[in-house]
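Here are my notes on the model you sent over. Have it open while you read.

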Amino acid sequence: MDALVSIDFQWMAKALRLAEQGLYTTQPNPRVGCVIVKNDQIVGQGAHLRAGEPHAEVFALREAGALAQGADIYVTLEPCSHFGKTPPCVEAVIVAAPRRVVIAMQDPNPLVAGRGIAALRAKGIEVVVGVMGKEAVALNSGFISRMTRGLPYVRSKIAASLDGRTALKNGKSQWITGAEARHDVQLWRAQSCAILTGIGTVLADNPSMTVRLENSERQPLRVIVDSHLQTPADCGMLDAGLLQKSPVLIVYADDANHRASALKVAGAELVHLPDAGRQRVDLRALWKQLALRNVNEVLVEAGPVLNGALLQAGLIDEFILYYAPKLMGADAKAMFALPELTEMQQVADLQVVDMRQVGRDIRLLARPVS
């Protein structure tokens, strides 16, 4: 690795750390960081923290002032080239007249998608693209998924015993994992745009599905998949105080018992998304609906029935699996309700991308092998 490339990695790593400051707050915008370097010294830096506020490049250019001229700008995402809630950043970068702009990844937004890079090069500014691109992609997997697939990035969180059981036969499951693992789940909730569960979990556990962290600035949308509208109007998720901070969306297939009106009165928003002929919610249509609502990342916290349906439909991008050092036996509830598999070729194949200990428990991140 030559000296220039090594330096580029050093400063881009700093820009990525700045971008991480927006992990819990930038939704639905991407997390972006920017560093401006001149004579091997940082003269300006910034991060995008909230939608509607200035982008990372703007903060960094303000700090650098005239020192940005002839400097190297490191930014984790291609500078935007369109008017949104803020003016295009690429114009401010061009006016600053840097020597080089080093970009981790091209913006997947079709409104940008290379136009910012082209505008910089048209003005004679050297542009380098792809430095620590893999890390930049990981930081904004949800935004990229929504822009390129029209779907959010979906993570399924499951807490289980070492023998893969999520609840006793009688339904009791509190608590399989320890306090440290439960705190870790709160961090995953906080970075998500939506938390989704199924009617089985609502009826069994009566959860609130909120972020319970001190100084949490935002609460995600809460979604219930309830094919036949069995959600109690007085359930915990429809608590009036919680609804003021975090709305609830109930997605259903039929209302044979005529309960829609009562749930609307209780404060829920209802969306009718039947899967033709199957008397259940069309889950892929639900993902598209959430993407249209600018949902980047969904955290699924559900039982085996919904998790099994999502797994079969290929609608889970990542699994967050917490394994507690406990054994619950064959009669306890499994992770996924699936039809009988008769051949090994039918088995879901996963790639483990991270494994670490959280308190007494083990957290494993895995993704389906394409």
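1. Start with helix α11 (residues 283-292) and helix α12 (residues 304-313): their axes come within 10 Å and cross at roughly 85°. That makes α11 roughly perpendicular to α12, a label for angles of 65 to 115 degrees. Axes here are lines fitted to C-alpha atoms over the stretch in contact, with angles running from 0 to 180 degrees between N-to-C directions. Helices are DSSP runs (H or I, at least four residues), strands are E runs of at least two, and both are numbered from the N terminus.

2. A word on the source: this is a predicted model, where local features need pLDDT of at least 70 and side-chain atom pairs count only at pLDDT 80 or more, while totals for chains, interfaces and linings use all residues. Residues are numbered from 1 along each chain as its sequence is written, and side-chain values use heavy atoms, leaving out hydrogens and water.

3. Which residues meet between α11 and α12? From α11 they are Leu-283, Arg-284 and Trp-287, and from α12 Leu-306, Ala-309, Leu-310 and Ala-313, with contact meaning heavy atoms within 4.5 Å.

4. Zooming out, the protein has twelve helices and 18 strands. Its radius of gyration (over C-alpha atoms) is 23 Å, close to the 21 Å from the globule rule for 370 residues, so the protein is as compact as a globular protein of that length. That rule is 2.2 Å times the number of residues to the power 0.38.

5. Of contacts between residues at least 6 apart in sequence, 72% join residues at least 24 apart.

Terms used
Angles under 35 degrees count as roughly parallel, over 145 as roughly antiparallel, 65 to 115 as roughly perpendicular and the rest as oblique.
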